[in-house]
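Please have a look at the sequence and the model first.

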Amino acid sequence: MAEHTSSSITIEAAPADVMEVIADFDRYPEWSGEVKEADVLTKDDHGRAEKVRMLLDAGAIKDDYTLAYTWTGDNQVSWSLVKSQMLRSLDGSYKLAPLDSGKRTEVTYQLTVDVKIPMLGMIKRKAEKVIIDRALAGLKKRVESAA
């Protein structure tokens with residue numbers, strides 16, 4: 001089984017406000033340093049993205065790929081790789097937990113990356129950690145600046 005990397009951060013906003021930013025893929029290039037482009041290809045019956053094409057530049061990992069999204073209630077979204085040039089798999093999730101009666105949110109980001117080219121596990125996990133840490137910091141900044 002592939003190892004995953006995860007990290008959490010507390011954001012000074014309600015879970016709905018956090019999820020609104022997570023679900024707004026068109027604006028990812030504005031706050032997620034690694035995502036250079038994001039295009040929603042298909043949406044579900046609720047208007048949420050089902051398939052999204054992204055252009056990623058995360059240092060050691062650069063790729064043009066498509067992800068399939070699964071939304072679980074209002075507090076969780078997970079994704080898996082549909083197609084990619086460089087990646088064998090890219091599975092992840094955001095889980096939101098309300099804190100302080102919903103005034104704050106703990107966001108946990110979990111990610112598993114597998115590349116088609118040989119890469120030391122240590123380097124791959126470091127890349128996963130960089131992606132997660134930058135995404136969480138960018139998400140926090142974006143949500144809190146909009147509040």
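Asp24 counts as partly exposed because its relative accessibility is 31%, where buried means under 20% relative accessible area, exposed over 50% and partly exposed in between (1.4 Å probe, protein chains only). This is a predicted model, in which local features need pLDDT of at least 70, side-chain atom pairs count only at pLDDT 80 or more, and totals for chains, interfaces and linings use all residues. Residues are numbered from 1 along each chain as its sequence is written, and side-chain values use heavy atoms, with hydrogens and water left out.

**The negative patch**

- Asp24 sits in the loop between helix H1 (15-23) and helix H2 (28-31); helices (H or I, at least four residues) and strands (E, at least two) are DSSP runs, numbered from the N terminus.
- Together with Asp17, Glu20 and Asp26, Asp24 forms a negative surface patch.
- Patches are made of residues with over 30% relative accessible area and no salt bridge, with like charges joined within 9 Å and nonpolar side chains (Val, Leu, Ile, Met, Phe, Trp, Tyr) within 5 Å.
- Asp and Glu count as negative, Lys and Arg as positive, while His and the chain ends are not counted.

**Salt bridges**

- How many salt bridges does the structure hold? There are 11, a salt bridge being a side-chain nitrogen of Lys or Arg within 4 Å of a carboxyl oxygen of Asp or Glu.
- Arg104 pairs with Glu12 in one of these, and the closest N and O atoms are 3.1 Å apart.
- That pair links distant parts of the chain, 92 residues apart: Arg104 is in strand E7, and Glu12 is in the loop between strand E1 (5-11) and H1.
- Both partners are partly exposed, Arg104 at 25% relative accessibility and Glu12 at 43%.
- Asp64 forms a salt bridge with Arg53, again with 3.1 Å between the closest N and O atoms.
- Asp64 lies in strand E4 (residues 61-72) and Arg53 in strand E3 (residues 49-58), so this bridge ties together parts that are 11 residues apart in sequence.
- Asp64 is partly exposed, with a relative accessible area of 24%.
- A network of salt bridges links Glu37, Asp39, Arg53 and Asp64.
- In the salt bridge between Arg27 and Glu30, the closest N and O atoms are 3.8 Å apart.
- Arg27 is partly exposed at 40% relative accessible area, and Glu30 is partly exposed at 49%.

**Contacts in the strands**

- The C-alpha atoms of Arg104 and Lys36 are separated by 29 Å, and the two residues are 68 apart along the chain.
- Beyond its neighbours within four places in sequence, Ser89 touches Leu81, Thr112, Val113 and Asp114.

**The loop between E6 and E7**

- Asp100 is found in the loop between E6 and strand E7 (104-115), and Ser101 has its place in that loop too.
- Asp100 has a positive phi near 50°, in a residue other than glycine.
- Ser101 is not a glycine either, yet its phi is positive at about 55°.
- Asp100 is partly exposed at 43% relative accessible area, whereas Ser101 counts as exposed at 78%.

Conventions
Accessible areas come from the Shrake-Rupley method with a 1.4 Å probe; for residues, only the protein chains shown count as cover. The place of a charge is taken as NZ of Lys, CZ of Arg, CG of Asp or CD of Glu. Contact means heavy atoms within 4.5 Å.
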